[in-house]
Amino acid sequence: MADSSIALHRLGLGARPEEPVPGDARSWLIAQFDRFDARPATIAALPSRRVIAGQLADYLATQRLMGNTATPVNGQPGLATMTEKPSGDATEPDPVKQAQQFVRSQGRENYVACVGARASVALVTPTPFVERMVHFWANHFAVSADKLAVIGLGGLLEFEAIRPHVLGRFGDMLSAVERHPAMLLYLDQAQSIGPNSPIGARVAARGRRKVGINENLAREILELHTLGVRTGYSQADVTEFARAMTGWTVAGLTRGPFAQLIGGNAAPGEFVFAEPIHEPGARTIIGRRYDQAGVAQAQAVLGDLAVHPATAEHIATKLARHFVGDLPPPAMVARLKEAFLQSGGDLPTLYRAVIASPEVWQPAPAKFRSPWDWAIAAMRALGMRESPALQVTGLMNQLGQPIWRPGSPAGFDDVDATWAGPDAVMRRVEAAERLATRVGGAIDARALAPKIFPGSLSAATQAAIANADSPGQALALLLVAPEFMRR
């Protein structure tokens, strides 16, 4: 691949036929830092967090009145993990019908709208490298809309916590993510109550139900978001960190007797620190003592984790894997780690180190495209400026990478074996045929191909396109050519 093609495909989101080929590929990438729009109009027009969280709060209040006691949030019911399924059984309990109606409403009105906005921005962005980094970090800090409480909020985590900080410091992004309602609800932090906190002690004294620490968020911060697995922390560190994080919760979801104590007057969906459920006391985590009181305690832990050498290596390894290959080159990992540590986690400095890495510019295709990468690159190549939100959602479901719905907090895999299987490839062939049919015979694949892959189109691909039986078949062949499947 020529440098221009590498910049467009490996580091960007794919070429658009009407846009000029980058002359100086490295300068073109770095210049995007000054042009990135963190809140484009398409995203700004989406329903607000207050609206979406308000819908969730109304649902929870209904469930509580019905006596549904599934998975409480700050003492409130109804946040059990649920996926949409057909209803209609007359014997079905009303709470279940209510949950299914809520899932359908949030999915139709909010989740799909956010997916469509994400795709629309990716199709027309003048800063595709920075947008790729937004997608990288959204997968690093993964949440899943398969959980009822996250359906409408999952996209907002990317738009509100990732995009504003993608050109800032890692520590600021980390703090914004861990305070976002999507993350707090996804990993059950909003229901973590210190047993020795004022509310914890009061509930225990009544003997009605047991309250306690939830370790999910603390564990995933250490294992996935910062240090990485097997990096020297212990189960005791997880527990102590979880104790420090008690009180980190979401406003507006509680409608019970403790509502004012927990949420105060904050708007629905806002982060709040609820002192009455915070476990008091100093904490010792990874050999360091934290005497801070209240919200500052866990925040201080996050600050140290954000610049820890193990965090630097974890992030450097993931970036090298993303841009170069499943087996990250040790020399590149070492350079990225050093850039991270020397800059205190400054992300533009880290991105410049990626761009400067000679391993990134090796001509052989490095990575098999994920379904999202492939779909966006294909639509950009066809000159599409928008795609109906429902169609994008359906396409990503078909291709096996539903947006903001990974199977675990680890996010979607970033290795070839996950995406390169025969069935997965066949689904792309079918999708390519549909995309080619949508544009009809309006696009000449023979003229388009060299624009999309400047200086990098193989003779075999050129011949396959030239010998196609129809313009539509030629275009479909281009979209599944080796150059298009890999970046």
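Predicted model: local features only at pLDDT ≥ 70, side-chain atom pairs only at ≥ 80, totals over all residues.
## Overall build

The protein contains 25 helices and four strands. Of its 487 residues, 55% are buried, where buried means under 20% relative accessible area.

Contacts can also be sorted by how far apart the two residues are along the chain. Among the contacts with a separation of 6 or more, 75% join residues 24 or more positions apart.

## Helix α1

Helix α1 covers residues 3-10, and seven of its eight residues are buried, so this helix is largely enclosed by the rest of the structure. The buried residues are S4, S5, I6, A7, L8, H9 and R10.

These buried residues pack against four helices: α2 (25-31), α6 (128-140), α15 (309-323) and α22 (445-452).

## The largest pocket

The largest pocket has a volume of about 850 Å³. Its lining consists of 41 residues, and those nearest the centre of the pocket are N139, K318, F412, D413 and D414. Two or more lining residues come from each of α6, α11 (216-225), α15, α18 (371-381) and α20 (416-419). Helix α15 gives the most, with seven residues.

Sorted by class, the lining of this pocket has 17 nonpolar, eleven polar and 13 charged residues.

Technical notes. Residues numbered from 1 in each chain as written. Heavy atoms only, no water. Buried < 20%, exposed > 50% of the residue type's maximum accessible area, 1.4 Å probe, protein only. Contact = heavy atoms within 4.5 Å. 1 Å grid on protein atoms, 1.4 Å probe; cavity = no way out; pocket = protein on both sides within 12 Å on 5 of 7 lines; lining within 4 Å. Points joined across faces, edges and corners; volume = space filled by probe spheres on them. Nonpolar A, V, L, I, M, F, W, Y, C, P; charged D, E, K, R; others polar.
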